[in-house]
2 protein chains.
Amino acid sequence: MLLGLTDVFRSKGYEGASLNDLAEATGLKKASLYHRFPDGKQAMAVAVMDHIEKWVEENIVKSLLDVDKTPQERLKNGLSNIKTFYDAGNKDCIFRALSMQTGLTLFAEQIKGGMDAWISTFSEIGLALGQSQQNAHNSALQALVEIQGSLIVSRGMNDITVFDNTLKNIEKRYLSD
Amino acid sequence: MLLGLTDVFRSKGYEGASLNDLAEATGLKKASLYHRFPDGKQAMAVAVMDHIEKWVEENIVKSLLDVDKTPQERLKNGLSNIKTFYDAGNKDCIFRALSMQTGLTLFAEQIKGGMDAWISTFSEIGLALGQSQQNAHNSALQALVEIQGSLIVSRGMNDITVFDNTLKNIEKRYLSD
DNA sequence: GTCTATAGTAAGATAGAC
DNA sequence: GTCTATCTTACTATAGAC
């Protein structure tokens, strides 16, 4: 059910996601959605953000920080999970979708928190690969920028190889240090 | 008047931009907007895309291709105009705003065209700086990805230095070849 | 917990005076 | 060309049966 909500919000954005869209994507009727989310559409979007945060934590973050693996393996696994997360570039990023201005300031904090977590996780990989603190931070920020940008460009040019090549470049850059 | 429309669409997206928003931003009443755009909101968004396309052509493209300047000067001027265009990272990109899924397929073609033009213009700079055709294309695509991504991350982290540093890095990378 | 039916509101769009 | 006033539709949200 959360998967349906997630798909709608990440592809259409908050304002673009209508209750009819959300109901159809979940297979529930509108009234049933309201039964589960008495606070309405905002609460649905918040639940989606929470769900994604957990998914990222349990998949991407965990694989990037797995102490039983070498940094190289961790990086590979993490990037592979990121590719899965964005369905190889076919799915939009929820950050992008919910950082559109809405009049609500509701998601700004969660988005900033998510990006901070992302950067600090990638920084760990850089440090493990021998980068300085400064370089590790810059590499992580750069990876975030490139992933976000390549998703936009992949969508705009209707060419998901942009996303895939970006992931490959990120890996190559990390491993060439 | 187009400036007001542009501000609303690029910050709120197509679905998020209400006629009330658009009227307020232009200083006109809704009925007056409809007098100028009998085909309604879609026509307003199309006009905004056209307007931006022209602005980019007459400012960014022209400065990047100015035959009276060295490639180095052209790059500097072009990036400087890009910085102005995005108000140093404070304004969102219309590509991002209008590439959200809407049910309308209205803008996909214009966005693809805009990105193609962007890439081919930046490729010229790469070639003028001695890059191979292949490298010039890759550099241009990379610049587009980074600009788009840095705008998303700047907004999400509420830190426009991400955008500014990205522009600086693009310049440095081009000039270090 | 899910549904049909409907309320209430805000949206996109028009009519017609000036 | 711009306005006030209004129409129609789509939206978010609720009531109440099962």
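Predicted model: local features only at pLDDT ≥ 70, side-chain atom pairs only at ≥ 80, totals over all residues.

Trainee: What is found between chain A and chain B in the way of polar contact?
Mentor: The count is seven residue pairs, both residues being at pLDDT 80 or more; a polar contact is a pair of N or O atoms within 3.5 Å, and within protein one must be able to donate a hydrogen and the other to accept it, with residues adjacent in sequence counting only if both atoms are side-chain atoms.

Trainee: Which element gives the most to the side of chain A that touches chain B?
Mentor: That element is H8(A), with 13 residues, a helix being a DSSP run (H or I, at least four residues) numbered from the N terminus. The residues on this side of chain A divide into 13 nonpolar, ten polar and eight charged; here Ala, Val, Leu, Ile, Met, Phe, Trp, Tyr, Cys and Pro count as nonpolar, Asp, Glu, Lys and Arg as charged, and the others, Gly among them, as polar.

Trainee: How many residues of chain A and of chain B are in contact, and how much area do the chains bury?
Mentor: With contact meaning heavy atoms within 4.5 Å, 31 residues of chain A are in contact with 31 residues of chain B. The two chains bury about 2700 Å² between them, 68% of it on carbon and sulfur atoms, where buried area is the accessible area (1.4 Å probe) that two parts lose on being put together, summed over both.

Trainee: Why are the two copies said to be related as by a two-fold rotation axis?
Mentor: Two copies of a chain are related by a rotation about an axis and a shift along it. Here a rotation of 180° with 0.0 Å of shift along its axis superposes chain A on chain B, with an RMSD of 0.0 Å, the superposition being by least squares on the C-alpha atoms of residues with pLDDT of at least 70 in both. The two copies are therefore related as by a two-fold rotation axis. Of the residues of chain A, A:Gly149 comes closest to that axis, its C-alpha lying at 1.7 Å.

Trainee: Why do the copies meet through the same surface?
Mentor: They do so because 100% of the interface residues of chain A are also interface residues in chain B.

Trainee: Which residues come nearest to DNA strand C?
Mentor: Of the 15 residues around DNA strand C, the nearest are A:Ser32, A:Arg36, B:Leu19, B:Tyr34 and B:Lys41, a residue being near a strand if one of its heavy atoms lies within 4 Å of it. Sugar and phosphate account for 62% of the atoms of DNA strand C that come within 4 Å of the protein.

Trainee: Which element supplies the largest share of the surface near DNA strand D?
Mentor: H3(B) does, with four residues. A backbone N or O atom of B:Lys29 lies 2.9 Å from a phosphate oxygen of DNA strand D, and an N or O atom in the side chain of B:Ser32 is 3.1 Å from a phosphate oxygen of DNA strand D.

Conventions. Residues numbered from 1 in each chain as written. Chains lettered and ligands numbered in written order. Heavy atoms only, no water. Helix = DSSP H or I, 4+ residues; strand = E, 2+ residues; numbered from the N terminus.
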